[in-house]
Amino acid sequence: MAVLWRLNKEGIFPMWLLLLSVGVAEIAVGQVRYSIPEEMSTGSVVGNIVQDLGLDIKRLESGRARIFTEDGSEYIGLNAEKGTLVVTRRIDREELCMQVSPCSLHFQIILENPMELQRVDLEITDVNDNSPFFSKKEYNFEVIESASSGSRYLLESAKDPDVAQNTIQTYKLNPTDHFKLNTVSRSDGTKYIEMVLHTPLDREKQDEHKLILTALDGGNPQKSGSVKINVIVLDANDNAPVFSQSVYRVIVPENAPRGTAAVRVSATDSDKGENQEVTYSFSRHTNTVSSLFNVDHQTGEITLIAALDYEKVKHYEIDIEATDNGGLTDACKVLVEVTDVNDNPPIISIISLSNPIPEDSELNTVIAMINIKDLDSGNNGQVHCFINSDLPFKIKSSTPNFYSLVSDDALDREANPVYNITITAVDKGSPSFSANKTINLKISDVNDNAPVFPLPSVTAFVSENNSPGMSLLSVKASDNDDGNNAHISYFLEDIQLNGMSASAYFLVNAESGEIVAVRSFDYEQLKEFNIRIKAQDGGSPPLSSNVTVKILIQDQNDNPPQVLYPVQTGSSMVAEMVPRSADVGYLVTKVVAVDVDSGQNAWLSYKLQKATDRALFEVGLQNGEIRTIRQVTDKDAVKQRLTVIVEDNGQPSRSATVIVNVAVADSFPEVLSEFTDFPHDKEYNDNLTFYLVLALAVVSFLFITCLVVIISVKIYRWRQERVFYKSTGNLPVIPYYPPLYADAGGTGNLKQDFGYEVYGTTDSRRSDVKDLRSFGESTLSVDRNASRTMPRLKTESENLLTEQKPPNNDWRFTQGQRPGPSGATGGPEVAMGTGPWPQPPTEAEQLQALMAAANEVSEATATLGPGTMGLSTRYSPQFTLQHVPDYRQNVYIPGSTATLTSNPQQQQATAQQATQQALPPPQASAQAEPPKAAQTPASKKKSTKKEKK
């Protein structure tokens, strides 16, 4: 435990501080002092620098705290996370300071951002880790027997590297029968031991004495060292040599050359003869200086045999002994003080450097921390540090031997991106020594320069009717900054152009500055654009500048001339009157035209393209005036038609035509009578004729196409029927029985509630009437596989129908009496008949029935199932006899000579004819109207169309 004293404004008060280790921290202004014992283990805590200096632990990390020692030793380290100083390697006080006490280490703690310097003094206290020892294991002394009591014999002092209490404190001599120890203190405070004879010797009794000398230190535990002393007793030599001085002091400069005499010592002996001769030598325990100095054994002169270095050893202690031939000795001490000379140049060390630094650094910004050390002392060690005065920097001294390089003026990277700063240190010795250190300092860029365009405004020309995406021009800006601060991007400012955003007309490439047209321009609508392009660098914050781009649209000849007068209208006619008395050069009228283009594209010229009489009129080439070129005569026609063409001067040129009607007459009625039947515009008539011819051609083509299609369909169906009849030549004729048809043979009437359904195929030749049912059941059940017909019970009527009866005797006619073509001439058997077959249907009726049947077949085919495969479409299961058109008045039943009819009067006439065996006249039968077949929707449509035709 130690006491810490602090000085404040009010007074002095004590503060007790319990340290983590045995060290003691003393805090003064700007520095901290600790005390620790030597031989501490690595990692031991010396002290908490954060608490002792009042710092924040975060300040150590942000300031990159580190330790700087002038000699580069690394005994102490800094734990920045905990803010403590720790031992990094074993500290041996004896190796570090030898016998110097107190032993201290001095180092600096450096903090950055901002830079701070804290001095720390560390005192190393001694521990008793060394035992006393002697340079030899045994010493031999020769003592004359006549030596009187009190004779002194100088003994080599033991050595103990420890200091203070831990060094040698006492000596013990054993045995002490004749000799005892005596500790002598010199005037300079040093001590040495002597062996004093307190009992006379007697060589005859004992010629040799063996003693043990023990050196004890004051440590705890106490340590000791011993040496043997052999004393040989000689014959008498009463007087010992005596030095003239017990201590000699001498000053030697460190640059003294070898052989320089430092001092001469002298001793005298009162004896005579050989016992008076004295020899000089170094003491036995002064072997360390024997490499630097030499003593002449005869003269006692001490000379320099090696170079001295004040920076290593500043003073030396030399023990000299004078010995006579009798073995008596005396000792003296020579103190050699080495003086300093200026033999070391300054040493410049850069301990911290900020490189590069931004160009916008403020004044007095610390750039580097510099340590300058000169090993010399006094004025020789005082150093003056400076740099060139033409640089925007200066050197400031913060603490002794420490300097700061700071900025002294504004920096501009664009002017000077790099500075070579030479630091010169000169000491004050004579002659003086100097040292140089060069720092290559780079200036980092700051975005302090905006992009600059070469010109404040740029003009570009583009022809109208350009293609979208066309490149107009590129703008370029430069930036004196570096890196990303000089990376320029281009933007189009969003301003309004003709009520629209500028981006609707132009685009700008952000990288290249290329301006591209978004749309096609029309000179007649907009003749110029004024846009602003902004160039912006990539700095933070970004800087920008603008350039005005004026884009002029150049005219192209894309508009034909427009005639303003005379006005051309399709509904009315305008004519200019020219009196027949008009002279040459008479102004008839003036054609007025304009061209919305500009420049030479708008220069118009007028030419007479066509005229009724070219010899009568001319047109002014530039002004469009129509004048007479000769005298008007009575022979000139009243109606004059002039075609004037107006051309511009563009490349290629565009033109417009105008028709001028001129009436050569003296009065308006004459003009009116002549222009009453004035034909319409020829172009209009030509167009009308063209369209009429075109319409006639189209109608004719459609008519011929329809006619060809109809003929093709009829031929196709006729061929189909031919094929059908050829394949089914033996099929019986299918009769058709309309309701209430009477049996002409007198067999009775067929019932109207029976329907006949027919099955037939193309090749089976087995088509026949299979069944009949009431009209409520219109179809038969059919097997879907078309393998068989589902059986069902037959009614009595069906049984009667299927049973074939013999022909009626009344129906037996000759071949001439059987039905045949109307008006046909009978063969040899005609005389046996009485009348012809009823009138056959006309060709129109056959065509109508054929088309109605085809329509019914197409409708029935769409409803057929897979079971009707192999059946004729006309005779499908769903097709009844009711669908057969009634195109004949009478029906012939095969296998019999009966004729069915639906007319009751005809039935009666038929019965009478059968009795009389005579047929009715053709006229009577022709007058009877045959019943019409039941019409389907398709047949109704066909008949309706036929009626319309």
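**Exercise 1. Find which residue's side chain joins that of Glu-493 in a polar contact, and place Glu-493 in the chain.**

Step 1. Look for the partner. The side chains of Glu-493 and Arg-532 are joined by a polar contact of 2.8 Å. A polar contact is a pair of N or O atoms within 3.5 Å; within protein, one must be able to donate a hydrogen and the other to accept it, and residues adjacent in sequence count only if both atoms are side-chain atoms.

Step 2. Locate Glu-493. The loop between strand E37 (488-492) and strand E38 (496-497) holds Glu-493. Helices (H or I, at least four residues) and strands (E, at least two) are DSSP runs, numbered from the N terminus.

Step 3. Check the cover. Glu-493 counts as buried because its relative accessibility is 19%. Buried means under 20% relative accessible area, exposed over 50%, partly exposed in between (1.4 Å probe, protein chains only).

A note on the model: it is predicted, so local features need pLDDT of at least 70 and side-chain atom pairs count only at pLDDT 80 or more, while totals for chains, interfaces and linings use all residues. Residues are numbered from 1 along each chain as its sequence is written, and side-chain values use heavy atoms, with hydrogens and water left out.

**Exercise 2. State how many salt bridges a search of the whole structure finds, then work through examples.**

Step 1. Side chains of opposite charge can pair when their charged atoms come close. The cut-off for a salt bridge is a side-chain nitrogen of Lys or Arg within 4 Å of a carboxyl oxygen of Asp or Glu.

Step 2. Take the total. The search finds 23 salt bridges.

Step 3. Examine Asp-121 and Arg-119. They form a salt bridge, and the closest N and O atoms are 3.2 Å apart. Asp-121 is buried at 6% relative accessibility. Arg-119 is partly exposed, at 31% relative accessible area.

Step 4. Turn to Lys-550 and Glu-528. In this salt bridge the closest N and O atoms are 3.9 Å apart. Lys-550 lies in strand E43 (residues 544-554) and Glu-528 in strand E42 (residues 528-537), so the pair ties together parts that are 22 residues apart in sequence. Lys-550 is partly exposed, with 31% relative accessible area. Glu-528 is partly exposed, with 39% relative accessibility.

Step 5. Asp-613 is in the loop between strand E48 (604-611) and strand E49 (617-619), and Arg-630 is in the loop between strand E50 (625-628) and strand E51 (639-648), so the pair ties together parts that are 17 residues apart in sequence. Asp-613 is partly exposed at 21% relative accessibility. Arg-630 is partly exposed at 22% relative accessibility.

**Exercise 3. Work out which residues are linked with Arg-90 in a network of salt bridges.**

Step 1. Name the members. Glu-39, Arg-90 and Asp-92 are linked in this network.

Step 2. Arg-90 lies in the loop between strand E8 (84-87) and helix H3 (93-97).

Step 3. Arg-90 has a relative accessible area of 46%, so Arg-90 is partly exposed.

Step 4. Compare sequence with space. Arg-90 and Glu-38 are 52 residues apart in sequence and 7.8 Å apart in space, C-alpha to C-alpha.
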